[in-house]
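With the model open in your viewer, please follow the stops below in order, making each selection before reading on.

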Amino acid sequence: MGSVVFLFVTLRNHWKKSTVAACALSYGGHWLYGKHCDNLLRRDACLAAREFGRQQISPQEQLKKATVILNPAACRGKANNLFEKNAAPILHLAGMEVTLVKTDYEGQAKKLMELMEQTDMLIVAGGDGTLQEVITGLLRRADHESFSKTPIGFIPLGSHNSLSESLHILSDNPVKHITSATLSILQGETVPLDVLQIKGEKEQPVFALIGLRWGAFRDVASTIKKYWYLGPLKTKAAHWFSTLREWPQVHEASVSYMAPTLRPPDLPEQKPQRPNLMYRIARRLKNYWYPPIPEPPKVEEPERWDEKTLSTLELSIHTQNKNPNTFNLFILVCVQYSFCSMTSPYCPVPFPLPQEGAGFYNIDNEEYEAMSVEVRLLPRKLRFFCSAERREQLLTQVL
């Protein structure tokens, strides 16, 4: 009893040190508990991956080849550690033949895609910038028609992972987010995604999966990090100071666009069966004795272009690859700017033409100098691995 009284007297007499020690112990305990929960998530993911690795294959079959493009500089240099701890064990336990390629500088992923050989699946480990470089290099290839059929997996390791919101169920825990994204690659569920081809007057095209933004809100978003010292008020401060610097924040552009056409159906590729021999012989004899009359050439109708001058705060062109939970909001925005044809039907070529010195574009959260560009929608160009829940939502939203 005396020792207990002595302990309370000591804590009362040294209450400052006691408070600091209690806070330190509380924080340390919370940190250790978080590490323990992360290890449990990794263990469960590895056990699930081991089940895939134990599946038997025939002697003629080969192991699936997976080529991983990893950007170690993503997430402020933490991407390599995140991949090695959370994603790499899952891929190896699943019995895949993994080829890991790390990029050393910005833009290298485009060059690597020009040299990459055929693989069973392509995995991008990084953020929006790495993913955009990979798909741009892939679709710039001369044989992109055959290479675009390779399924692509996305492991979110960057500071911005916009496409991950569409492919996987979001989680506040980064370990759970990364492990679930890697497991979705093993499950094999894929969904076709649209691609935007954005081409300047002289440069090679850039390809995007989310869209293009140009305007006041994009400019403000790029300056938010400057006000980090204001904490939760940094976003409001960025908008406030931007309004003080420039008012009204109006952006003008001239747009030429074609009327929307129907989206081509997503039919599975099936080779027609070859007719039997007797049918082929009879058809050749018929064509020999009664040659078919050639049809007159079809006269193509001239393209009808509509032009419109926009004066607005924000101009954006988005694909359907957005998060299904927020997709309706983007449809309303596009209707206001006469760009609804870019989100639901297939719109061949719109041209936003900003004025000189018009600032910068955001193409999949990557900054480009604003210039006259040609935007073309490539429907269902690439197939991405996704979770089963997201696959159903993405397929049902296609109009």
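Helices here are DSSP runs of H or I, at least four residues long, numbered from the N terminus.

This is a predicted model, in which local features need pLDDT of at least 70 and side-chain atom pairs count only at pLDDT 80 or more, while totals for chains, interfaces and linings use all residues. Residues are numbered from 1 along each chain as its sequence is written, and side-chain values use heavy atoms, leaving out hydrogens and water.

**Stop two: a cavity**

Next, select Asp-128, Leu-131, Gln-132, Ile-135, Leu-163, Leu-209, Ile-210 and Asp-364, which line the second largest cavity. A cavity is a set of points on a 1 Å grid over the protein atoms alone where a 1.4 Å probe fits but cannot get out, and lining residues have an atom within 4 Å of a point. This cavity holds about 50 Å³ of space, a volume being the space filled by probe spheres set on the points, which are joined across faces, edges and corners.

**Stop three: Pro-89**

Finally, move to Pro-89 in helix 4 (residues 79-93), which is partly exposed at a relative accessible area of 28%. Pro-89 touches Cys-46, Phe-83 and Glu-84, not counting residues up to four places away in sequence, where contact means heavy atoms within 4.5 Å.

Notes. On a 1 Å grid over the protein atoms alone, a cavity is a set of points where a 1.4 Å probe fits but cannot get out, and a pocket is an open set with protein on both sides within 12 Å along at least five of seven lines; lining residues have an atom within 4 Å of a point. Helices (H or I, at least four residues) and strands (E, at least two) are DSSP runs, numbered from the N terminus. Buried means under 20% relative accessible area, exposed over 50%, partly exposed in between (1.4 Å probe, protein chains only).
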